[in-house]
Amino acid sequence: LMKQRLFITGGAGYVGAMLIDQFASRDDVEAIITLDKEQETSLTSHHSHKDKITYIHANTSDDGWEAKVNAFEPTVVINTAWQIRHMYNNELTEWKWNIDGTDKVFNLAFTTASVKKLIHFSTVASYGAFADNKLDHFYKEEEKFRKTRYLYAEEKRIAEEHLEERYQKAVATGWAGQVFIVRPAAI
């Protein structure tokens, strides 16, 4: 049984904290390093397996955290970090946090030799909420995302375009890991 070393972004967020909570209790998880721009929550700071969890208080768009994560030698990267609520009149910061920060996570995953899996949390909203959508139509992976005025969906669409570009470059240079995209409709 191979012991996994997880790097989870968004560790103070709802999804990230819940994943840490669940994974920390597993025997096949050796250690977890997590990062968030917010302070650590009691869900991870008081966890019964706290000895498995290392918390980095930083934003994915900040410089410097990558060296700490590389030294940790993660086998799996799970990207849940995202500024979900729109930052009115501060779109450049929102873009930096969401797109630039996510790009840094992707770059780390594809350039860290120990990483064998990248799991990116996205959204079904990038297919677009339009009046002509049909309830009986189930979107498929090969269907393209549609541009929308909804910034959350647009940023997620762009992040996935960047992921595809970086993945293709990584494969061309010999990266043999796996990429998974999770697209929940609601959490």
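These notes cover aromatic pairs and charges over rings in a predicted model.

1. Aromatic count. The model holds 7 aromatic pairs.

2. Y127 and Y139. The ring centres of Y127 and Y139 lie 4.7 Å apart, and their planes meet at 15 degrees. Stacked pairs need planes under 30 degrees apart, so Y127 and Y139 count as stacked. Both residues sit in the loop between β5 (117-121) and α5 (151-172). They are 12 residues apart, and the pair links distant parts of the chain.

3. Accessibility of that pair. Is Y127 buried or exposed? Y127 is buried, because its relative accessibility is 4% and the cut-off for buried is under 20%. Y139 has 31% relative accessibility, so Y139 counts as partly exposed.

4. Y167 and W175. This aromatic pair is edge-to-face. The distance is 6.3 Å centre to centre, with 85 degrees between the planes. Y167 is partly exposed, at a relative accessible area of 27%. W175 counts as buried, at 13% relative accessibility.

5. Cluster. Which residues form one aromatic cluster with F110? Y167 and W175 do.

6. R5 over F72. The charged end of R5 sits over the ring of F72. Its distance from the ring centre is 4.1 Å.

7. K156 over W82. Here the charged end of K156 sits over the ring of W82. The distance from the centre of that ring is 3.9 Å.

How values were computed: Residues are numbered from 1 along each chain as its sequence is written. This is a predicted model: local features need pLDDT of at least 70, side-chain atom pairs count only at pLDDT 80 or more; totals for chains, interfaces and linings use all residues. Side-chain values use heavy atoms; hydrogens and water are left out. Rings of Phe, Tyr and Trp (its six-membered ring) pair if their centres lie within 6.5 Å; planes under 30 degrees apart count as stacked, over 60 as edge-to-face and the rest as tilted. Helices (H or I, at least four residues) and strands (E, at least two) are DSSP runs, numbered from the N terminus. Buried means under 20% relative accessible area, exposed over 50%, partly exposed in between (1.4 Å probe, protein chains only). A charge sits over a ring if NZ of Lys or CZ of Arg is within 6 Å of the ring centre and within 35 degrees of the ring normal.
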